[in-house]
Amino acid sequence: MPSVEGLGARKAALQMLDAVLRRGQTLDAAAAHERKLSPADHGLAIAIAGETLRRIPDLDDLIDSATRNRLADDSKARTVLRLALAQKIGLGTPDHALVATALPLVDGGPRRLVHGVLGTLLRRGIPELAAPRLPGDVEARWETAWGARVVVAARRQMAARPALDLTFADDAEAHAYANADGATSLASRNVRLPSSSVSELAGFGEGRWWVQDLAAALPARLIENGGEVLDLCAAPGGKTMQLAAAGHHVTSVDASGSRLERLRENLDRTHLNADLVEADALTWKPNRQFDAILLDAPCSATGTFRRHPEVLYRARPRIIADNAELQAKLLTRAIGWLKPGGALVYAVCSLEPEEGEQIIADFLRGNPDFAVAPPQPGELPDFVTPTAEGCVRILPGLLEDVGGLDGFFIARLVRRG
Ligand SMILES: C[S@@+](CC[C@H](N)C(=O)[O-])C[C@H]1O[C@@H](n2cnc3c(N)ncnc32)[C@H](O)[C@@H]1O
């Protein structure tokens, strides 16, 4: 068979989608397995897989509307069609290239059917899908938890390119940087840029800033009277760097050696310091108590769906329940390591109440000597309004006109006086 230009990237995209949808891998992990491609093809394969994952329910409706032979959900033919249509919608790939690279992917399969469906849809014209539907189970869950308006906002955010947020160690530097063309600042020490290649931005090599969604930068702002601070579940270290830059003495614990290596590299690049400990927080015991603890617990990460659309396919109810069990255990353990008068900030980048509101409500029911300490005026940027319980809940739709935020839940706990 003569080689078709761009076929390698499409084959790799197909493998990535299979790894994500059938084996529950992250797109990053799936992409790391596809090592044989040129950097350009590797980038294209990731872009195609990502554009597909943003739109699967709508792509499936289009596919089903063009054939009476319903294709199985996990069939290769359906995945190839999803991938081809996503290129048309998300990347503007010309029709002839779509067809030429799709058909060889179903060699030995229903090639004529795929050709027929693709031809029908391309002749009809493919809609733009500016607000693609999320997976049905996720929409149902979020509608129950947050209401229909949040679901609609999440759909819009799924199609939009998220902005790039940088956190600066130094506020004056952030100010100077924010005055550059195209940049804005939504909070102190924050600069927001239109998406671009990170390592090409000024100041990366000198370590003046690190990439951190503004929502992810909120929890560390709630640690004020620090001193000795424990950053539990710390890698790759966005929050450790914030805490160290604020002048605290930071101990950073994480169970993953490879992620801690990235934390070490980040600290070296930014010329900041922290004591690093590789340990499972469920068995580790500190040899002292802390003035403040930040617990950025492992979670379903559904709040990061704009950059990682596959999280919505991985976050099955069983996974959310398992996470909630781990989060409750971590919180109960860590709270015992606070000095009298200390505060623990609990955070998750999840849009599931089971991993946020419910963890704190259950904890307070079992530990009536603790209470939520709401953010005080000036601690968080003005656009953050605490909930009735004094926690912080960031939902899709907030600051949408300037690029939106990741979904997050944050609560600060203190012992009642
Ligand atoms: C949400 S990420 C942390 C992000 C980090 N705080 C930051 O700002 O860059 C959760 C981290 O928890 C770690 N982790 C998961 N289970 C753990 C455990 N039992 N003990 C310690 N760390 C754990 C994971 O390795 C992962 O790095």
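A polar contact here is a pair of N or O atoms within 3.5 Å; within protein, one must be able to donate a hydrogen and the other to accept it, and residues adjacent in sequence count only if both atoms are side-chain atoms. Before you click on anything, note that this is a predicted model: local features need pLDDT of at least 70, side-chain atom pairs count only at pLDDT 80 or more, and totals for chains, interfaces and linings use all residues. Residues are numbered from 1 along each chain as its sequence is written, and side-chain values use heavy atoms, with hydrogens and water left out.

**Stop 1**

Select the ligand and Gly238: a polar backbone atom of Gly238 sits 3.1 Å from a ligand oxygen. Now show the side chain of Lys239, which has an N or O atom 2.9 Å from a ligand oxygen. Taken alone the ligand exposes 600 Å², and the protein buries 84% of that (accessible areas by the Shrake-Rupley method with a 1.4 Å probe; for residues, only the protein chains shown count as cover).

Which residues around the ligand come nearest? Pick Asp254, Arg259, Asp280, Ala281 and Asp296, out of 17 residues around it (a residue is near a molecule or strand if one of its heavy atoms lies within 4 Å of it).

**Stop 2: a cis peptide bond**

Go to Pro236, in the loop between S4 and helix H11 (238-245). Helices (H or I, at least four residues) and strands (E, at least two) are DSSP runs, numbered from the N terminus. Zoom in on the peptide bond from Ala235 to Pro236: this bond is cis, with omega near 5°.

**Stop 3: strand S7 and its neighbours**

Select 290-296, which is strand S7; 6 of its 7 residues are buried (buried means under 20% relative accessible area, exposed over 50%, partly exposed in between, with a 1.4 Å probe and protein chains only). Strand S4 (residues 228-232) pairs with S7 in the parallel sense over 4 bridges (two strands pair if DSSP finds at least two bridges between them). To find one spot in that pairing, click Leu232, whose bridge partner in S7 is Leu295.

Next, colour 338-348, strand S8, which also runs parallel to S7 in its pairing, over 6 bridges. Look at Leu294: opposite, in S8, stands Val345.

**Stop 4: helix H14**

Select 317-335 for H14, a helix of 19 residues that spans 27 Å from first C-alpha to last, close to the 27 Å expected at 1.5 Å a residue (the expected span is 1.5 Å times one less than the number of residues). Buried residues in H14 include Ile320, Asn323, Gln327, Leu331 and Ile335. Look down the axis: the buried residues of H14 fall within an arc of 135°, so they line one face of the helix (the arc is that of the directions from the helix axis to the C-beta atoms).

**Stop 5: two positive phi values**

Where is Ala301? Look in the loop between S7 and helix H13 (311-314). Ala301 has a positive phi of about 60° although it is not a glycine, and at 16% relative accessibility Ala301 counts as buried.

Then jump to Leu129, in the loop between helix H7 (111-124) and helix H8 (136-146). Phi of Leu129 is near 55°, a positive value in a residue other than glycine. Leu129 counts as buried, at 17% relative accessibility.
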